[in-house]
Amino acid sequence: MTLADIYAAVHSQDGPAKPDVADRIRQEALRSPVAFASFLRSVPLNDTCALFEVYEVLLQDSKRFSEVLLSEFTHLLKRAEADPHNASIYAQLDAFALAQDDELKASMAVVLAESLRSSEPQIRRFAA
């Protein structure tokens with residue numbers, strides 16, 4: 001099963017990823033973090049985007065996936081800076097509110113603090 005197949009399975013479901021799909025997401029993120037992150041960044045951020053569900057799976061074990069999650073969080077904020085009116089980006093960023101790991105939350109707070117200096121009001125509002 002490829003990353004595209006896993007994403008298609010997540011995309012076709014309504015709600016949280018099923019356990020077997022969630023396991024595949026975690027396996028792929030562990031097996032090749034760079035390829036996994038690259039794939040996530042190739043997913044179009046539009047109304048049908050299902051990255052929220054992928055992030056939700058990874059956030060369930062945020063200590064193990066903190067590097068990928070922080071990288072994605074930072075990347076999404078940069079995408080929001082470039083396209084501040086794309087509501088789909090903010091919808092995916094909302095998944096990170098589920099973070100439970102204090103270290104990840106502290107790292108995210110540093111990124112958000114930097115975003116408070118953005119020239120885009122939407123970014124500053126989100127960061128606040």
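Predicted model: local features only at pLDDT ≥ 70, side-chain atom pairs only at ≥ 80, totals over all residues.

**Overall build**

I started with the size check. For 128 residues, a compact globule would have a radius of gyration near 14 Å, and the protein chain comes out at 14 Å, so the two agree. I also looked up the extents: the C-alpha trace spans about 40 × 30 × 25 Å along its principal axes.

The mean pLDDT of the protein chain is 90, and 98% of the residues score at least 70. Which elements have the lowest and the highest mean pLDDT? Helix H1 (residues 3–12) is lowest with 75, while helix H7 (residues 102–115) is highest with 96.

Then I went through the secondary structure. I get eight helices and zero strands. Reading from the N terminus, the order is α-α-α-α-α-α-α-α.

**H2 against H4**

For packed helices I note the angle between the axes and the distance between them. The axes of H2 (residues 19–31) and H4 (residues 51–59) come within 10 Å, crossing at roughly 75 degrees. I therefore log H2 as roughly perpendicular to H4, since angles of 65 to 115 degrees count that way.

Who touches whom here? On the H2 side I find Ala22, Ile25, Arg26 and Ala29, and they meet Val54, Val57 and Leu58 of H4. Sorted by class, this contact has six nonpolar residues, no polar ones and one charged.

**H3 against H5**

My next pair was H3 (residues 33–42) and H5 (residues 66–82). Their axes come within 11 Å and cross at roughly 25 degrees. Parallel or perpendicular? H3 is roughly parallel to H5, because the cut-off for that label is under 35 degrees. I also noted the hand: the crossing of H3 and H5 is right-handed.

H3 brings Pro33, Phe36, Ala37, Leu40 and Arg41 to the contact, and H5 brings Val68, Ser71, Glu72, His75 and Arg79. How many residues of each class does the contact of H3 with H5 have? My entry reads five nonpolar, two polar and three charged.

Terms used:
Residues numbered from 1 in each chain as written. Heavy atoms only, no water. Axes fitted to C-alpha atoms, helices over the stretch in contact; angles between N-to-C directions. Helix = DSSP H or I, 4+ residues; strand = E, 2+ residues; numbered from the N terminus. Parallel < 35°, antiparallel > 145°, perpendicular 65-115°, else oblique. Left-handed = near helix turned anticlockwise from the far one by under 90°. Contact = heavy atoms within 4.5 Å. Nonpolar A, V, L, I, M, F, W, Y, C, P; charged D, E, K, R; others polar. pLDDT = per-residue confidence, 0-100. Rg over C-alpha atoms; globule rule 2.2 N^0.38 Å.
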